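Good morning, colleagues. Thank you for the time at today's meeting; please look at the sequence and the structure as they come up.

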Amino acid sequence: MALEKIVSAFTRRISDLQELMVLRGDGRAADMSAVDVSLKAVEHDFRKMDSYVKSEMEALSKAKALSELTIQQTRKIQAIVDHFPSTLSAAAPSDALKNRLFPVPEKAAAHTSNILPVQTQNPKVEKEKKGKGLPPRKYVSDEEFASLSSYMRGRITLDKVNSAIDEMAGFAENNLRLIQAPRKKLGDDILEKVLELRDIAGAETIKGKHFFLESDMRGPLLKMDTTGKAILTIIRHLGRVLEARIGKQRVFALLS
């Protein structure tokens, strides 16, 4: 090891100096030039030792900083794993999750949006459908959930909130499917709702966004009971949805 060699040389120089000083103390002749050479050698070794220690200290400081960053990243990943919504399939990530983890550049996203199947509809509906992909699933983080008051959280857990976000995306995806469905494939029992959805999709506050209606809330978690309303309040408070009143309908647009 480099430090051991430097220390060994330094020790040897000190020993030489001690011998020379003993000779001088005994009154015996001593070559002072040899003392000077040894002293300079000791000083040189000391400088090398000092430089080596400083470089090792700097390397240790960098290693500690890297270790702290690694620990922080590990904690973040573990938090994601611990609070990953149980409703998502463990076999493969959804397209929405892939888009969140591996975002596509805007130009590439605009290009891929053009290959979505387009049904023959009136020009207004055609314009609304361009660029629409899967509904966004912007999950709530630990920090956001912890920032809520205990009164607002109540007995609701983070997993329930994120599962409800999945349900919202499902409601919005069903509505988008209905809006894009060809007229000839729509039965008389559903036609009225589809026409209403298309009118809502063209509203200024909703245009270009995925949305669902209050009447769509019939999921395991997100429904019009006490728990469902409390979860919806949290989701709205954290800026995941935009609420609007359009005609007789209470509409919720998903925000990305």
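Predicted model: local features only at pLDDT ≥ 70, side-chain atom pairs only at ≥ 80, totals over all residues.

The chain contains 10 helices and 3 strands. Read from the N terminus, the order of elements is α-α-α-α-α-α-α-α-α-β-α-β-β. Of its 256 residues, 31% count as buried. As for the contacts with a separation of 6 or more, 68% of them join residues 24 or more positions apart.

I turn now to confidence. The average pLDDT over the chain is 78, and 67% of the residues score at least 70. Which elements have the lowest and the highest mean pLDDT? The lowest, 47, belongs to helix H5, residues 123–129, and the highest, 96, to strand E1, residues 211–213.

Next, the interior. In soluble globular proteins, nonpolar side chains tend to be buried together. In this model, the largest nonpolar core has 24 residues. The members that touch the most other members are Val-140, Val-161, Met-168, Phe-212, Met-217, Leu-222 and Ile-235. H8 provides the largest share, with 8 residues.

Setting aside neighbours within four places in sequence, Val-161 is in contact with Val-140, Phe-145, Ile-156, Ile-231, Ile-234 and Ile-235. There is also a second, separate core of 12 residues, among them Leu-197, Ala-203, Ile-206 and Ala-244.

Finally, I would draw your attention to Arg-198, which is found in helix H9, residues 188–201. Is Arg-198 buried or exposed? Arg-198 is buried, yet it has no salt bridge. The nearest side chain of opposite charge is that of Asp-199, 8.3 Å away, whereas a salt bridge requires the charged atoms to be within 4 Å. What, then, lies 3.2 Å from a polar atom of the Arg-198 side chain? The backbone oxygen of Ile-179 is found at that distance.

Thank you; I welcome your questions.

Note on methods. Residues numbered from 1 in each chain as written. Heavy atoms only, no water. Helix = DSSP H or I, 4+ residues; strand = E, 2+ residues; numbered from the N terminus. Buried < 20%, exposed > 50% of the residue type's maximum accessible area, 1.4 Å probe, protein only. Lys, Arg positive; Asp, Glu negative; His and termini not counted. Polar contact = N/O pair within 3.5 Å; in protein donor to acceptor, adjacent residues only side chain to side chain. pLDDT = per-residue confidence, 0-100. Core = buried A, V, L, I, M, F, W, Y, C linked by side-chain atoms within 4.5 Å. Contact = heavy atoms within 4.5 Å.
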